[in-house]
Amino acid sequence: MSENKQHQQQQTKRRKKVNANDSGGIMGAEVDEKRVKTKGLNEIISSLDFLDDQEKSDLQEMKKVNQEEMIRFENNHSQQRIATMDYFFKLKEYHKDAERDDGTRKRKAKANAFTSVNVTASAIAGASADESVSNDENVTTSNKTPSSGPQRRLWVKNRSKDWWDQCNSPDFPEEEFKKAFRMGKGTFDLICNELNSAVAKENTMLRDAVPVRQRVAVCIWRLATGEPLRLVSKKFGLGISTCHKLVLEVCSAISSVLMPKYLRWMDEDNMKRTMDEFSSMSGIPNVVGSMYTTHIPIIAPKISVAAYFNRRHTERNQKTSYSITVQGVVDPRGVLTDVCIGYPGSMSDEQVLEKSTLFQRANAGLYKGVWIVGGSGLPLMDWTLVPYTHQHLTWTQHAFNEKIGDIQRVAKDSFARLKGRWGCLQKRTEVKLQDLPVVLGACCVLHNICELMGERLDPTLKFELFDDEMVPENVFRSANAVRARDVIAHNLLHHNLAGTSFLS
């Protein structure tokens with residue numbers, strides 16, 4: 001019995017030991033599984049931390065690269081601006097030197113001509129005295145009488161003036177006169193009367209002076225047709241050099257006498273009327289002008305050729321093109337109220353604006369509280385209102401751009417009439433670069449006179465403008481202007497002032 005009991009006790013102990021071993025194995029497996037999971041989670045967390053750190057370092061690297069690019073861009077921009085200013089001042093000095101040399105040559109030529117005239121007059125007087133003495137001695141054998149008064153010794157080539165005599169006749173048809181001079185007889189007479197005291201010359205011993213009407217006609221016909229001086233010479237019966245001189249003299253008189261009267265910024269009454277007309281046209285308040293910049297083709301200059309190179313015209317026309325710029329602001333009638341003429345064609349619209357007197361007056365606060373509407377090539381500032389240029393515009397922004405386009409079209413149509421009316425602006429001219437600003441200024445003044453006098457442009461003279469606008473380097477220059485533009489756009493759409501053509 002005792003042996004059986006001992007045997008049972010041993011079996012019981014063996015079973016307990018086996019069970020203990022089994023339970024210990026299970027618990028060890030669970031511990032191992034937890035350890036594996038913890039290790040995996042730690043690895044995942046470590047990977048996420050690594051990725052986060054790597055992303056931060058990439059962002060810092062990108063930010064550093066962007067900052068370096070911005071600094072490099074600003075340095076390049078400032079260098080280009082400095083180079084442009086240096087070039088401009090050098091150009092002005094060159095023109096001053098050229099004008100000084102021309103003045104010296106003219107004075108010398110006048111002095112030589114005066115000397116030769118005195119010598120000729122003395123010879124004539126001496127010959128007359130000798131002839132008088134000879135006639136007194138032989139008075140009984142000769143019936144000849146001595147000549148009295150000054151004698152003309154200057155030979156002048158006879159040229160036909162039939163065409164101009166016909167145009168100047170009271171019976172010449174009004175429509176034919178308009179085709180030739182881009183204006184009616186009444187407007188032409190007005191210009192002649194205004195310029196009479198500035199361009200009139202007196203007759204001399206050597207020749208009769210060219211009448212004022214013919215002087216003005218030579219200039220206007222040359223500007224209207226853009227024909228070369230040899231054809232102007234044939235039309236008016238004058239020498240080529242005389243025609244060239246008359247064109248510059250009359251253009252200078254127009255710029256000095258008529259520009260202060262017919263091309264000037266608005267007074268308060270006219271500004272109020274202008275804002276009302278633009279507001280009724282577009283629904284946008286406080287607009288005092290519409291701005292546009294165009295290019296005038298020129299022959300390649302002898303100095304600073306690269307500055308006048310027009311890349312966009314060259315690409316479009318497939319031939320090398322050079323130009324100078326004309327920036328203008330117009331009122332609702334298309335009358336120019338401000339112009340900036342003569343900057344090189346390589347400059348963008350934004351750069352031309354920054355150099356203009358208009359920009360300086362705006363920085364002085366003269367245009368505070370009003371808008372001048374420009375194209376997409378100009379930046380948005382406290383006084384310039386331009387369209388939205390980014391992609392994926394909202395309906396509100398589309399509606400705003402449509403109304404801005406209506407105002408901008410006033411300036412573009414006015415410049416199209418300016419170029420259509422004065423053909424010299426459409427092709428490369430023979431005028432020297434330093435004389436071009438005066439000629440272009442005269443064209444702008446004559447354009448205003450024609451617009452104010454209601455001179456309609458012949459449809460056959462219609463000229464199509466090409467937009468050469470470039471997106472400015474800094475699109476937004478004023479946070480206040482951005483908010484003001486958004487408010488205007490919101491009011492246009494939500495007060496039923498915007499059109500719906502952008503939806504079609």
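1. The structure under discussion is a predicted model.

2. Burial of strand S1. Strand S1 spans residues 287-298. Eleven of its twelve residues are buried, so the strand is largely enclosed by the rest of the structure.

3. Partners of strand S1. With strand S2 (residues 322-330), S1 pairs in the antiparallel sense over nine bridges. Within this pairing, His295 has Thr325 of S2 as its bridge partner. S1 also pairs with strand S4 (residues 371-373), here in the parallel sense and over three bridges. Ser290 stands opposite Val373 in S4.

4. Salt bridges overall. How many salt bridges does the structure hold? The count is 13. Three of them, including one between helices H5 and H4, are taken up in the points that follow.

5. Arg213 and Asp189. The side chains of these two residues form a salt bridge with an N to O distance of 2.5 Å. Arg213 belongs to helix H5 (residues 212-225) and Asp189 to helix H4 (residues 185-199), so the contact ties together parts that lie 24 residues apart in sequence. Arg213, at 30% relative accessibility, counts as partly exposed. Asp189 likewise counts as partly exposed, at 29%.

6. Arg409 and Asp406. A salt bridge joins these side chains at 3.0 Å, N to O. Both residues lie in helix H13 (residues 395-421), and because they are three residues apart there, about one helical turn separates them. Arg409 has a relative accessible area of 44% and is therefore partly exposed. Asp406 is partly exposed as well, with a relative accessible area of 21%; the cut-off for a buried residue is under 20%.

7. Arg421 and Glu451. Here the side chains meet in a salt bridge of 3.3 Å, N to O. Arg421 is in helix H13 and Glu451 in helix H14 (residues 436-452), so this pair ties together parts that are 30 residues apart in sequence. Are the two residues buried or exposed? Arg421 counts as buried, at 1% relative accessibility. Glu451 also counts as buried, at 16%.

Note on methods. Residues numbered from 1 in each chain as written. Predicted model: local features only at pLDDT ≥ 70, side-chain atom pairs only at ≥ 80, totals over all residues. Heavy atoms only, no water. Buried < 20%, exposed > 50% of the residue type's maximum accessible area, 1.4 Å probe, protein only. Helix = DSSP H or I, 4+ residues; strand = E, 2+ residues; numbered from the N terminus. Pairing = 2+ DSSP bridges. Salt bridge = Lys/Arg side-chain N within 4 Å of Asp/Glu carboxyl O.
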